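Open the model in your viewer and keep the selection tool ready. This tour goes stop by stop.

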Amino acid sequence: MENPTSTRSSILRNSLILGLFAMATVGMIAVTQQGTAERIDEAQRRVQLSALNEIIPHEQHDNDLLADSFSIDDRQYLNLTGSKDAYRARKGGAVSAVILPVVAPDGYSGRIDLLVGINADGSIAGVRSVNHRETPGLGDKIETAKSEWVLDFDGKSLSMPVPEQWAVKKDGGQFDQFTGATITPRAVVKAVYQALSYFDQHRATLLLQDEE
């Protein structure tokens, strides 16, 4: 007959081994997740910085765009659901442009996250998509790697074209739609126009000279 004391010791030892193994596994998972999160954050930071410097090229600003950020939270014009970072571009200390986070909520496959750069005079410095799920080969033409379509916004303002022309050509506006895809460009055109409207409403605050 097996010794009860020996059996209890064996169970205790096995339980201890399993417990230690579980703790080690949890620890490894936590370290892996932390490392993965840090890599994701760094990758997103690089994408963000690349987009910022495409909108406002290095020769047009002398500050660190990522460092010169401020929080913004607007649902009416920008369709933000919480605080997001916006950025100021400076030249010789003066604010030359701002870059606003904007959401087009009505893309073909859902929300489209944009950055819209607006010069101090109210004209568009540049527009870039930073996150979307639009159809490859169709809606993804909002990416500069796939098409130059977003470059058509450069230099536009609330009055150029007139408000009625801030639409895709299918809707009687000035902007091209994509072959086989109208919903995506329609959503982006609307979102960019709303970003200009937000800038117009908050110009004084957005162009504050004091660095925060």
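**Before you start.** This is a predicted model: local features need pLDDT of at least 70, side-chain atom pairs count only at pLDDT 80 or more, and totals for chains, interfaces and linings use all residues. Residues are numbered from 1 along each chain as its sequence is written, and side-chain values use heavy atoms, with hydrogens and water left out.

**Stop 1: the sheet.** Show the strands. Helices (H or I, at least four residues) and strands (E, at least two) are DSSP runs, numbered from the N terminus. Five strands make an open sheet in the order β1-β2-β3-β4-β5, with antiparallel pairing. Its edge strands are β1 (69–72) and β5, each pairing on one side only. From one strand to the next, the twist averages 30°. Two strands pair if DSSP finds at least two bridges between them. Strands of a sheet pair through backbone hydrogen bonds, either parallel or antiparallel.

**Stop 2: the β4–β5 hairpin.** Select residues 110–119, which are strand β4. Six bridges join β4 to β5 in the antiparallel sense. The two strands form a hairpin with four residues between them. Click Gly122 in the turn: its phi is positive, about 90°. Six of the eight residues in β5 are buried, so the strand is mostly covered.

**Stop 3: Ser129.** Select Ser129 in strand β5 (residues 124–131). Is Ser129 buried or exposed? Ser129 counts as buried because its relative accessible area is 18%. Leu114 stands opposite Ser129. Next, show contacts (heavy atoms within 4.5 Å). Beyond its neighbours within four places in sequence, Ser129 is in contact with Asp113, Leu114, Ile142 and Glu143. Draw a distance to Asp140, 11 residues apart along the chain from Ser129: the C-alpha atoms are separated by 9.3 Å.

**Stop 4: Pro101.** Move to strand β3 (residues 94–107) and pick Pro101. Pro101 is buried because its relative accessibility is 8%. Which residues does Pro101 touch, not counting those up to four places away in sequence? They are Ile72, Leu78, Leu80, Lys84, Asp85, Ala86, Leu114 and Leu115. Ser123 is 22 residues apart from Pro101 along the chain, and their C-alpha atoms are separated by 16 Å.

**Stop 5: helix α2.** Select residues 183–201. Helix α2 lies across β1, β3, β4 and β5 and runs at about 140° to β3. Axes are lines fitted to C-alpha atoms, for helices over the stretch in contact, and angles run from 0 to 180 degrees between N-to-C directions. Ser197 is in this helix. Ser197 is buried because its relative accessibility is 14%. Leaving out residues up to four places away in sequence, Ser197 touches Tyr77 and Leu158.

**Stop 6: helix α1.** Finish at residues 4–55, helix α1, and pick Leu16. Leu16 is exposed because its relative accessible area is 56%.

Definitions and conventions
Buried means under 20% relative accessible area, exposed over 50%, partly exposed in between (1.4 Å probe, protein chains only).
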